[in-house]
Amino acid sequence: MRTIELKIPSETGYEKLAMTLAEQCARIMGFSDSRVEDVKTAVSEACINAVEHGNASDVTTKVFVTMTMDDDRLAIDVADEGRSGPPPTEVRTPDLEAQFAGFETPGGMGLFVIKALVDEADFVEPELGFGSQFRMVIHLEPKETPA
Amino acid sequence: MSSAIHVQIRREPAAAVIELHGDVNSDGEAAVKGAYEQVTADGASTVLLDLSHTQYINTSGISVLITVAMTAKKAGNVILVAGASPHYKKVFDLVRFSSFVTMFDTEAEALASLG
């Protein structure tokens with residue numbers, strides 16, 4: 001097991017550092033190009049959620065990203081400092097009909113997209129002792145063995 | 001850290017083309033909406049958003065695209081989207097954005113569809 005940690009400012013744009021790191025981890029582990037793209041988008045959305053919701057865009061706070069590489073899975077934890085209360089308990093499916101009809105403001109898609117792209121995704125007990133911690137797990141596909 | 005979005009506008013016979021360069025995120029809202037308003041003010045009723053020059057789209061950026069598509073629909077205009085990578089096409093399918101606008105692999109295919 002190998003662990004890599006990254007601490008980024010609570011400003012949108014820095015999620016791309018986490019994306020780059022996640023991409024490298026996923027490539028080292030042998031994920032397919034398609035899965036690498038899934039991982040990058042999931043990490044990006046989790047970091048943006050941590051910045052905008054968890055840390056309420058408070059620039060004095062940080063987002064903590066931990067990547068844990070096991071033989072057959074990559075776990076990515078994204079933790080915030082909890083400036084805006086507890087995390088959501090359910091993931092809403094975005095209602096584009098309502099958004100197109102003007103009944104809802106476009107948005108609220110991040111968690112939904114993450115859950116669709118990775119194998120496991122949920123809030124876990126924060127190891128920092130405060131804030132929120134969101135864990136994503138992506139399993140390495142079984143490699144094809146030569147005939 | 002963001003690669004700020006910039007737009008390039010071209011007028012093709014069948015549609016106005018808005019090329020999005022850089023990151024498509026919430027920071028790009030004013031630029032994308034402004035480009036749409038500019039081309040429709042100039043008389044375009046069909047607008048093609050070309051995503052082939054962008055490497056990064058997040059869900060805030062998708063919300064920007066949805067907002068522009070909503071604005072177009074209310075005005076009776078047509079929005080086409082072209083050039084999204086296979087990954088972002090998958091994400092558009094997930095959030096069902098692709099159910100509300102017509103997607104094409106390339107700008108050429110989109111323009112050809114307009115006859």
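Colleague: Does A:Gly110 count as buried or exposed?
Modeller: This is a predicted model, in which local features need pLDDT of at least 70 and side-chain atom pairs pLDDT 80 or more, whereas totals for chains, interfaces and linings use all residues. Residues are numbered from 1 along each chain as its sequence is written, and chains are lettered from A and ligands numbered from 1 in the order in which they are written. Because A:Gly110 has 24 C-beta neighbours inside 10 Å, and 20 or more make a residue buried, 12 or fewer exposed and a number in between partly exposed, with C-beta atoms placed from the backbone, A:Gly110 counts as buried.

Colleague: Which element gives the most to the side of chain A that touches chain B?
Modeller: The contact between the two chains takes 21 residues from chain A and 19 residues from chain B. On the side of chain A, the elements that give two or more residues are α2 (33–54), α3 (96–100) and α4 (110–117). With six residues, the element that gives the most is α2(A).

Colleague: Which residue of β2(B) is the bridge partner of B:Val7?
Modeller: β1(B) and β2(B) pair in the antiparallel sense over six bridges, where pairing requires that DSSP find at least two bridges between two strands. A hairpin joins β1(B) to β2(B) through four residues. In β2(B), the bridge partner of B:Val7 is B:Leu20.

Colleague: Which strands are the edge strands of the open sheet in chain A?
Modeller: Five strands of chain A form this sheet in the order β1-β2-β3-β5-β4, with antiparallel pairing. Eight bridges join β1(A) to β2(A), residues 62–69, and among the pairs is A:Ile8 with its partner A:Val63. Since an edge strand pairs on one side only, the edge strands of chain A are β1 (2–9) and β4 (120–124).

Colleague: What is the phi of A:Ala56?
Modeller: A:Ala56 lies in the loop between α2 and β2 of chain A and counts as partly exposed, because it has 15 C-beta neighbours inside 10 Å. Most residues other than glycine have a negative phi. A:Ala56, although not a glycine, has a positive phi near 50 degrees.

Colleague: In which loop is B:Arg96 found?
Modeller: B:Arg96 is not a glycine, yet takes a positive phi of about 70 degrees. With 15 other C-beta atoms within 10 Å, B:Arg96 is partly exposed. Its place is the loop between α3 (86–95) and β7 (102–104) of chain B.

Definitions and conventions
Contact = placed C-beta atoms within 7 Å.
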